[in-house]
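Visitor: I would like to learn how to read a fold. Please walk me through one.

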Amino acid sequence: MSVETRQPRDGRLAAAITTRIVQVFGDHTGRGPTRGRTFINENLVSCLLQDTLTRPERSLAAAGEVDTVLEVRKRFQATMRTDLVAAVEDLTGREVAVFMSENHVDPDVALETFVLEPVAGDEDAFHPR
């Protein structure tokens, strides 16, 4: 991987990751988040998404069923995991070692986090394995 793609200021890579993650959400849930931003820092890629909930999930949340909504979201993450990881690996050219996902209902925010395998020779990198 080139030094350019490792730089956190590479807005093109971050934008491409955001776009792909939103597309994966849309493919799996029927609609993607309306806002998103990806942050890249060496071996960490984090995508912060807003307005992720579907209409039925919003209705459930309004009825006090927040735990149900979070459980449904957790199950969506399990089905999306392979596609989300593949998107980040494809765009970064690096293997994802760890994928974590978290959701919040009010406000409607999700965080998709990917820990990348370190680049060869990077002695200071976090080594998840």
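Visitor: Is the crossing of H2 and H4 left-handed or right-handed?

Guide: First, the ground rules. This is a predicted model, where local features need pLDDT of at least 70, side-chain atom pairs count only at pLDDT 80 or more, and totals for chains, interfaces and linings use all residues. Residues are numbered from 1 along each chain as its sequence is written, and side-chain values use heavy atoms, leaving out hydrogens and water.
Helices (H or I, at least four residues) and strands (E, at least two) are DSSP runs, numbered from the N terminus. A crossing is left-handed if the near helix is turned anticlockwise from the far one by less than a right angle, and right-handed if clockwise. Here, H2 and H4 cross in the right-handed sense.

Visitor: At what angle do the axes of H2 and H4 cross?

Guide: Axes are lines fitted to C-alpha atoms, for helices over the stretch in contact; angles run from 0 to 180 degrees between N-to-C directions. Helix H2 (residues 11-29) and helix H4 (residues 66-92) cross at roughly 145 degrees, and their axes come within 9 Å. Contact means heavy atoms within 4.5 Å. Among the H2 residues making it are Leu 13 and Phe 25; H4 brings others, including Phe 76 and Met 80.

Visitor: In what order do the four strands form the sheet?

Guide: Strands of a sheet pair through backbone hydrogen bonds, either parallel or antiparallel. Two strands pair if DSSP finds at least two bridges between them. This open sheet runs S1-S2-S4-S3, with antiparallel pairing. Its edge strands are S1 (35-41) and S3 (96-104).

Visitor: Which strands does H4 touch?

Guide: H4 packs on the sheet and touches S3 and S4.
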